[in-house]
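Please look over the sequence and structure before reading on.

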Amino acid sequence: MATLAERNGRVELTGSRIRDRRLLIGMKQSALAEAAGISPSYLNLIEHNRRRIGGKLLIELARALGVEPGVLSDGADATIHDTLQAAANGLGEGGRGGPETDRIDDLAARFPGWTALIAQQRKRIGDLEAAVEGLRDRLAHDPVLAEAMHEVLSSAAAIRSTADILVREADLDPAWRGRFHRNLHEEAERLSRRATALLGHFEAPDARGETLSATPVETAEALFDANDHHFPAIETGGGAAIPAILDQSAGMEDAASRVMAERMLTRYAEDAARLPLSSLLPEAHAAGFDPSALLSLGGGDVALVLRRLATLPREEPAPAFGLAVCDASGALLFRRRLMAFSIPRFGPGCPLWPLYAALARPGQPDMTILETPAASRFRAWSVAQPVSQTGFGSAPVMQATMLISPVEAGDGAAIPIGPGCSLCPRTGCRARR
Amino acid sequence: MAKRILLVEDEANILEAIGFILSRDGWEVLGHGKGETALAEIERVDPDILVLDVMLPGRSGFDILRDLRERPTTRALPVLLLTAKGQTRDREQAMALGANAFLTKPFSNDELVATVRSLADGRAPSAAAGHDRRGGA
C-alpha cells in the first residue's frame, strides 16, 4: 500500500516506513519497542525521523515487523542524506561556516518537502553541469568546429595585418596598395562565408549524427526531428498512439523530456483531429501547397493550418517547411528547422522575424519575404492568435506561429533578418541588442 | 646581409601581409604553404627564424616542430608558432615541443615584428606582445 509520502512523490524516510509498517499490522508502539529491546520514547523518536538507525537495531525492528531490513531502509535515508551531503560539499568552503551537515537528519525529519526539493535541485544542477561539460568538450575537441574557428580567425588575421599595412604605410607603392586592397576584399568575402558556415555548425546536429540535447524542449524536438515531424500512428490512431511513440523514442527516460514531448505530441494529435490529412491534402494539392490559399481550412484557424503544413508526410510533393512558435514573451516554444534558416538553440530569435511582429496585430495573418545574412530567401507566413478561452476582463494567452519556406533568390524587396543577435553577423542592424 | 626568415603558412593573404611587414623590417622573407613538404623546405632554405602555422594542410605545425627538435641541424632553430586556437592546452603543447614563441591569430603586425626581433636577438619575447610564450629549446 502506498504511503502518503509515496503518493506525494517524496522519498520516504526509514522512521516513517517503520511507523507505517507497524500501523499496518496493528502493532502498538510499546510492543514493538519491547520486541526490539528499546524504550517506547526512543522508538517514537525513530518513527518521527529524529534519530537515524541502522545495523543491529534495524534488523531487530525489521524482524519484529516481519519484513526484510532493506524494505525499511533501501533508497531512503541514505539517498536523502547522501544527496544533501553532496549538495553541501558542492558549495565548497562557503562563508559563515556553510551548511550544518551534522544536522542533515534533523532537516530531513522536520522538513521532508524542502529536503526533497534540495535533493531534486541538486540532481538538476548535476544534469546541467553535465550538459555544460558536454558542450565545453565539444567546443574544445570537435575537429570540424576547430577547423571552422581556425578559418574564421585566419581570415581575421589576414584582414587585420593587411588593413594595418594600408593605414600605416603612407609611401606604399600603388601596385602593392592595389594588391592589398584586392586581398582585403577577397578575405572579407571569405570571412563572411566562413562565419556563416561556423554558425551553421552550431545549429546542425553534431558529427556523430546526434543532437546535443541540453533541455527537455530540445530532447522533445529531437524526437520530432527524428520522425520528420510526421507521425502516421497519430494521424490514424489519434492521441492513443502517443505512449507507444514515447516508449520507442530516445531520451524519454528523462521525466521532464517525456512530459514535454507528450505535450507537443498531444497538440499534434489535436491538430490532426481538427484538420485531418484527408481534408488537408486534396486542398493543399489544388492550391500548390500555398498557405495563403488554405487559410479557410480548419474553421479559419490560421495557426492550425500553418502547423499542419509543417507536418506533411515526406512523400508529399510539398515545399520544405520550417516552423517557429513563440508565446507573448517571445520565448520559442517549438521549432522545426530548415537548412539555411538558423533558429538558435538557446535564447530568442531575430527581433525582425515576422513571428514577433505578429504579436502586435493578433488575428491578422501576414506574408513576408525574408533574406538571411547568407542571402538565402524565405517566404514567411505568420499569425498570432489566443490559445486559451478567456472571460470578460481577462487578457487572452497569445501565441505567434511562423511557417517558412525557401524561395528563389530575387531582386525584390526582402526584410534582412538573422539567426538572433547573439549569432548574427549584421553588426549595423537597427534592431541589434 | 639580411637575415632569412621562412613563413610556413597556408593562408596566402596572411603570407603576403606578414611577408611584406617583415621585408620592411629588413628580413629576407620566403614563404611555403604545405605541411607535408615543410620539413624539406626548411632544410633547403636553412632560415635564421621559422614562423610556423599550427594548422596546415597535410601535416600539423606541432608535428613539424617535433621533427625539427629531433634533428641536429634544426634543433636550435628559433620557431615562432602561429595558431588560431589560443587555448592553454595549445600553448602548453607548443612549449613542451620546444617552440620559442607563440602568437594567437589575429595578432597585430607590431606584435609579430616585436616577437621576431626578440627571437633574432636571442631574447625572450616581450610580455607586452600579449600572446607570446617562451618555450624550451
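How many salt bridges are there between chain B and chain A? The count is six, a salt bridge being a side-chain nitrogen of Lys or Arg within 4 Å of a carboxyl oxygen of Asp or Glu.

## Basis of the report

This is a predicted model, in which local features need pLDDT of at least 70, side-chain atom pairs count only at pLDDT 80 or more, and totals for chains, interfaces and linings use all residues. Residues are numbered from 1 along each chain as its sequence is written, chains are lettered from A and ligands numbered from 1 in the order in which they are written, and side-chain values use heavy atoms, with hydrogens and water left out.

## Contact between the chains

Chain A contributes 27 residues to the contact and chain B 22 residues, where contact means heavy atoms within 4.5 Å. The two chains bury about 2,200 Å² between them, with 51% of it on carbon and sulfur atoms; buried area is the accessible area (1.4 Å probe) that two parts lose on being put together, summed over both. On the chain B side, the residues that lose the most area to chain A are B:Asn13, B:Glu16 and B:Phe20, together 27% of what that side buries.

One of the salt bridges joins the side chains of B:Glu11 and A:Arg194, at 3.2 Å from N to O. Twelve residue pairs, both at pLDDT 80 or more, are in polar contact between chain B and chain A. A polar contact is a pair of N or O atoms within 3.5 Å; within protein, one must be able to donate a hydrogen and the other to accept it, and residues adjacent in sequence count only if both atoms are side-chain atoms.

Helix H1 (12-24) and helix H5 (109-121) of chain B each supply at least two residues of the side that touches chain A. H1(B) gives the most, with eight residues. Helices (H or I, at least four residues) and strands (E, at least two) are DSSP runs, numbered from the N terminus.

## Around A:Glu235

A:Glu235 lies in helix H13 (residues 232-237) of chain A. Leaving aside neighbours within four places in sequence, its contacts are A:His230, A:Tyr268, A:Ala272, A:Leu277 and A:Arg308. With A:Tyr268 there is a side-chain to side-chain polar contact of 2.6 Å. The C-alpha atoms of A:Glu235 and A:Glu270 are separated by 9.9 Å, the two residues being 35 residues apart along the chain.

## Backbone geometry

Most residues other than glycine have a negative phi, and most peptide bonds are trans. A:Asp228, which is not a glycine, has a positive phi of about 55 degrees. A:Asp228 sits in the loop between helix H12 (216-226) and H13 of chain A.

In chain B, the peptide bond between B:Lys105 and B:Pro106 is cis, with omega about -5 degrees. B:Pro106 is in the loop between strand S5 (101-104) and H5 of chain B.
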